[in-house]
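Subject: Structure for you to look at

Hello,

Here is the structure I said I would pass on. My notes on it follow below.

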Amino acid sequence: MTTSPERVRTGRAETTPGGRVERGDLLVAALVAVTGTLMLLATVRMDVSSSVSYLGPRFFPGLVAVLLMALGAALVVQVLLRARSTARDTEQTTGEGSDRRALGIVLATLTAHLLLLETAGWIIAGALLFWGVSYALGGRKVLRDLGVSFLVSATVQLAFSAGLGLTLPPGVLVGVV
Amino acid sequence: MDTFSLLLEGFGAALTPMNLLWSLVGVVLGTIVGVLPGLGSAMAIALLLPITFQLDPTGAFIMFAGVYFGGQFGAATTAILLNTPGQSSSMATAFEGYPMAENRRAPQALATAVLGSFVASIVAVTLVVFFSPYMVQLAVQFGPAEYFALAVLAFLATSGVVSGDVLRGVTALGIGLALALVGIDEQTGTVRFAFGVTQLFGGVSIVVVTVGLLAVGEVLHTAARSRNGAATETIVAGRPWLSRRDLSRSWRPWVRGTALGVPFGVIPAGGAEIPTFLSYAAEKSLARRRGNSEFGRGAIEGVAGPEAANNATTATSLVPLLSLGLPTSATAAIMLGAFQQYGIRPGPLLFTEQADLVWALLASLFIGSAILLVLNLPFAPVWAKLLRIPRNYLYAGILVFATLGVYTARTSLSDVVLLYLVGVLGFLLRRYGFPIAPVLIGVILGPLAETSLRRAMAMGQGDVGVLFGSPYSIGLYAIMVVAVVVMTVGRLRKRRVAA
């Protein structure tokens, strides 16, 4: 989500969550409304074979779409109303300021895993997944972490293919495994 | 007294040393498979099905019962320890179980789950033994209109009661309903919201949504907060065993959960999710009324109730399975397949034609739940030691197992892509204070609600009155109206006090 670091440090964050969180709230509310609108458009343009039933395949999606649009609008109103009154219960919505770097590393790890899973194989992709998340969460003993990662992914491979008979992609290590 | 002597005969057939060994093996294997996220008791039975075919029918059923109870417990274990339920019926357990684990009360959460499951299973199986003919009659009364009413009740209960903020709760429900709509419409074959992506034609699997929202979402959420304190420290497990106070707080939720779960197993309404969420909602609002609610911070009632409801439902789901051949849960569906392998044809005649097998099966359910209790109650603190793993390894492990569970379920990379996308959605919901439970309920019950609504309307030839045509559906709607009125009055009163 878009955040401006200056806003966080202005000290307003202590009394009210500051403009930062509310902007995120607003964005999420808008996202809900937009999802509803897109759904409604897709529902209208849906390819429906001529059916005889009383409620066709469009009825329920249309209902949900309209519901989401209304809810999105209501959420926007709620955010705006709450922005006006200072006393609000922000227990859940005030994140303590998110660590975008750690989040970014995890997301990058997930992407890399998806790219590697069926090309490089489970042992490498799984180890990378483990190591990436561990690193993002503050694991800094790189060598030990790498060792643990490969141990985990290799053990899992062994347990799943030998024990349960489920297949995992062998990838480049196809001859070895 | 006839029933009783038949049951004793069943015990006679089931209680041989060899069969006890099979039961033990089943419980252990079931727990191990159940602990893997995404692989619940249904998956445990499915994976171990080939092994049981080596045995005679009685031995196989006993092992089934063991695998089933073990899987059930394993799923609850990961829900509590890792916020990663092994199956959708353990989702409600995670909501309070995981905060309990974070507050060093993991062994207590596990213990109340085991004991609650035991109590519920014993009660429910006893009811099945003595009352199954009457329960069958109730099940036959339920048509599409009643199922629709049930689904709406569950929607209201989760989005209104479970979450404090009704607007956010209903929004979460709407998101879940939207997710469930993706894929080919079962009744007409219309492709909906797939946007030309063939992998989406089959819809978004419940396993993907559950694991994505809870496990992947949790890992992302933890990563996003990791600046505020190193995430490498370990969670301390705390003192094992239930205190007298925990017990006195647990037994009423066990009883209420069992009472909620029993009727839901009989009616084929999509498994144990509704009663677990209803039990969670009931315990939460009861706690709120008592005034010292710990909900949100790890309330033992929120673990005890849903776990009891879950096991009660699954035990009574044997009623439609055995007497109508109608599976009401994933587990029951796999068991039906197993029955057919042994040439057993479930139906009204089963109780007379193959009585010895039926009673051996019922007896083995008692034995299985007893063995689970003996085996896992002492081990609850041992399982809780999982939390001693450094947190960066723990979360990395969660993500690895979540990915693995989803990938191996269908050997499909696109499922993993979906898993991560749903994980991002789960993160956003968490970050902006939306509750997760209504999303899951929407995904699971959305299809049931839509299908039964459309069937009911087709049967009524477009007449809306058909939805209120039976005493059951009128009763369900009456409950909803009363609940909404009570809730609104309560909120207004609170607002007036606050003002």
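The contact between the two chains takes 64 residues from chain B and 67 residues from chain A, where contact means heavy atoms within 4.5 Å. Please note that this is a predicted model, in which local features need pLDDT of at least 70 and side-chain atom pairs count only at pLDDT 80 or more, while totals for chains, interfaces and linings use all residues. Residues are numbered from 1 along each chain as its sequence is written, chains are lettered from A and ligands numbered from 1 in the order in which they are written, and side-chain values use heavy atoms, with hydrogens and water left out.

The interface

Chain B and chain A bury about 5800 Å² between them, 75% of it on carbon and sulfur atoms. Buried area here is the accessible area (1.4 Å probe) that two parts lose on being put together, summed over both. On the chain B side, B:Tyr393, B:Arg431 and B:Tyr432 lose the most area to chain A, together 12% of what that side buries.

There are 0 salt bridges between chain B and chain A; a salt bridge is a side-chain nitrogen of Lys or Arg within 4 Å of a carboxyl oxygen of Asp or Glu. Several elements give two or more residues to the side of chain B that touches chain A, among them α8 (166-181), α9 (206-225) and α18 (391-410) of chain B. Helices are DSSP runs of H or I with at least four residues, strands are runs of E with at least two, and both are numbered from the N terminus. The largest share of that side, 13 residues, comes from α18(B).

Within the chains

Over all chains the count comes to 8 salt bridges. One of them joins B:Arg105 and B:Asp246, with the closest N and O atoms 3.0 Å apart. This pair links distant parts of the chain, 141 residues apart: B:Arg105 is in the loop between α5 (91-102) and α6 (106-140) of chain B, and B:Asp246 is in helix α10 (residues 244-266) of chain B.

A:Arg140 lies over the face of A:Tyr135, at 4.0 Å from the ring centre. The charged end of B:Arg168 is over the ring of B:Phe434, 4.8 Å from its centre.

Regards

Definitions and conventions. Lys NZ or Arg CZ within 6 Å of the ring centre and 35° of its normal.
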